[in-house]
Amino acid sequence: MTTIVEHHRILVGGTWAEPATTAVIEVVSPHSGEVIGRVPHAAPDDVDRAVAAARAAFDDGPWPRMSLAERAEIVTRIRDGLLARHKEIAELVTRQNGCPIAISPRGQALSAVAVFTAALAVAQALPAEEERAGLTGPMLVRREPVGVVAAITPWNVPQMLLAAKLAPALLAGCTVIAKPSPEAPLDAYVLAEVCAEAGLPDGVVSILPAGRETGAHLVAHPGVDKVAFTGSAAAGRQIMAAAAENLTRITLELGGKSAAILLEDADLDAAIPDLIAGAFVNNGQACVALTRILVPASRYDETADRLAAAVAALRVGDPLDPTTEIGPLVSEAQRTRVLDYIRLGLDEGAKPLAGGRVPEGLSGWYVEPTLFGDVDNGMRIAREEIFGPVVCLIRYADEDDAVRIANDSPFGLSGAVWAGDVTRGLDVARRIRTGTFTVNCRRFDVAGPFGGYKHSGIGREFGPEGYTAYLETKTVHLPKPPKD
Ligand code: NAD
């Protein structure tokens, strides 16, 4: 029998409160279809209460006025609380979204802890005030918190993406209303419990699991100063339009269609395991997934055979089984979307090299990891974000052609190159219009700025760039020192 995780209250301004309505989110296992959790579905009235609490805490409360050292002490307690419960977080994430448990502890839970650790280091390294000479006289440049922050996150890496907003916002002195997605509210409750026990002043953190209607109410709220959003480009557009009304600041982390380029002299033995991991991580439900693999025509057949064998060998199954490499998609709707794209790929003339079906003997929302060959970069399967385990293999003529194809995308989130030597790979990296890129490796590092060019987003998370996104800059002009 499955244990059902139940919560009856929501965290509003750091206090456990009765929700405004009796609406409930039922969390369903993508593996078994069973209900695994029930939590309140926060309503617009709950948003209004949370914004009022956050506004009061920001405008009149101690949090933005504390020293960074005082805030860092409390944020460190939140980090340590998440570390102590990371196994529970990892299992909850796997049970909600199907991420294989082999990667959840590190990829889902400890990555959130690392985000806090990295943000603490960045904040402590950046002075809140600095004196500059100026042209006409001295000035003091101050960094001040941006205000009340709405943090809206998706279900695929739910804890880490909440941490990516909460950690820098809190350190900067902001107050936060987080809205986790309705598919993954259970791990957010662990964060809420940790925040409730960390010693934050009243009003500073609210965590309101809800769907897009409540999210839209939060984004449009005149009491919100900044929206930090991670999700689809479609929702990003709506959020940007809604934010325009109040000139609310925004950071948008959106989708991707990232290209991995294998150069003529790439070492396939080294590249293939990384390519498979990069393409199919989190069952292909990753914004940074390497979903277009660009191969020189001269090495196409060899690469296609080896990739097809590697994809067909991936172990699909129960995400709680530690040997599973590919779990189910998050929901029936997501599986329907992915299967529709697979049919579209066949209609467009792409050649199925591996997978493409619903696996037999599994009742959840599974799709076989799928590799399409003979893909033209103009096909919709090469242009649109599928957000599932579907990868396109694309031929190119020469290095310029590879760069052209990689850049010929509405998105610009990530990418990779495998080259005989790093210098040549770096030359390619410099020519690709994406926010992150890897050379002869597969890495994600929360110490480095992360974000998108083009339709992949606006602004950056992580690193000093991600921290300053929660700060306003004030210039105070000072009188010239008296002449002797
Ligand atoms: P989604 O855009 O449907 O929803 C994301 C979140 O936004 C959810 O909490 C949802 O309730 C909320 N939301 C949706 N519409 C809203 C609106 N109009 N106003 C306010 N809130 C709204 O995305 P999803 O299906 O949950 O997640 C998958 C998407 O997220 C993919 O496109 C993926 O690439 C992207 N993603 C991007 C990054 C990144 O850092 N760039 C990381 C992970 C996922």
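**View 1. The two domains of the protein chain.** The protein chain is divided into domain 1 (5-254 + 457-475) and domain 2 (259-454), with bounds that come from an automatic or database domain assignment. This is a predicted model, in which local features need pLDDT of at least 70 and side-chain atom pairs count only at pLDDT 80 or more, while totals for chains, interfaces and linings use all residues. Residues are numbered from 1 along each chain as its sequence is written, and side-chain values use heavy atoms, with hydrogens and water left out. Taken over C-alpha atoms, the centres of domain 1 and domain 2 are separated by 30 Å. In total, 32 residues of domain 1 are in contact with 37 residues of domain 2, where contact means heavy atoms within 4.5 Å.

**View 2. The largest nonpolar core.** A nonpolar core is a set of buried Ala, Val, Leu, Ile, Met, Phe, Trp, Tyr and Cys residues joined through side-chain atoms within 4.5 Å; buried means under 20% relative accessible area, exposed over 50%, and partly exposed in between (1.4 Å probe, protein chains only). The largest such core has 91 residues, and Ile78, Leu170 and Val205 have the most contacts inside it. Helix α5 (residues 158-172) gives the most to this core, namely eleven residues; helices (H or I, at least four residues) and strands (E, at least two) are DSSP runs, numbered from the N terminus. Because domain 1 and domain 2 both give residues to this core, it lies between them.

**View 3. The surroundings of isoleucine 78.** When neighbours within four places in sequence are left aside, isoleucine 78 is in contact with Phe116, Leu170, Leu191, Val194, Cys195, Ala198 and Leu200. Apart from the core lies another one, of 32 residues, which include Ile261, Ile394, Tyr396 and Val428.

View 4. A polar side-chain atom of glutamate 385 lies 2.6 Å from an oxygen atom of the ligand. A polar backbone atom of leucine 254 is 2.7 Å from a nitrogen atom of the ligand.

**View 5. The loop that holds aspartate 60.** Aspartate 60 is found in the loop between α1 (44-59) and α2 (68-84). This residue counts as exposed because its relative accessibility is 69%.

Methods: Polar contact = N/O pair within 3.5 Å; in protein donor to acceptor, adjacent residues only side chain to side chain.
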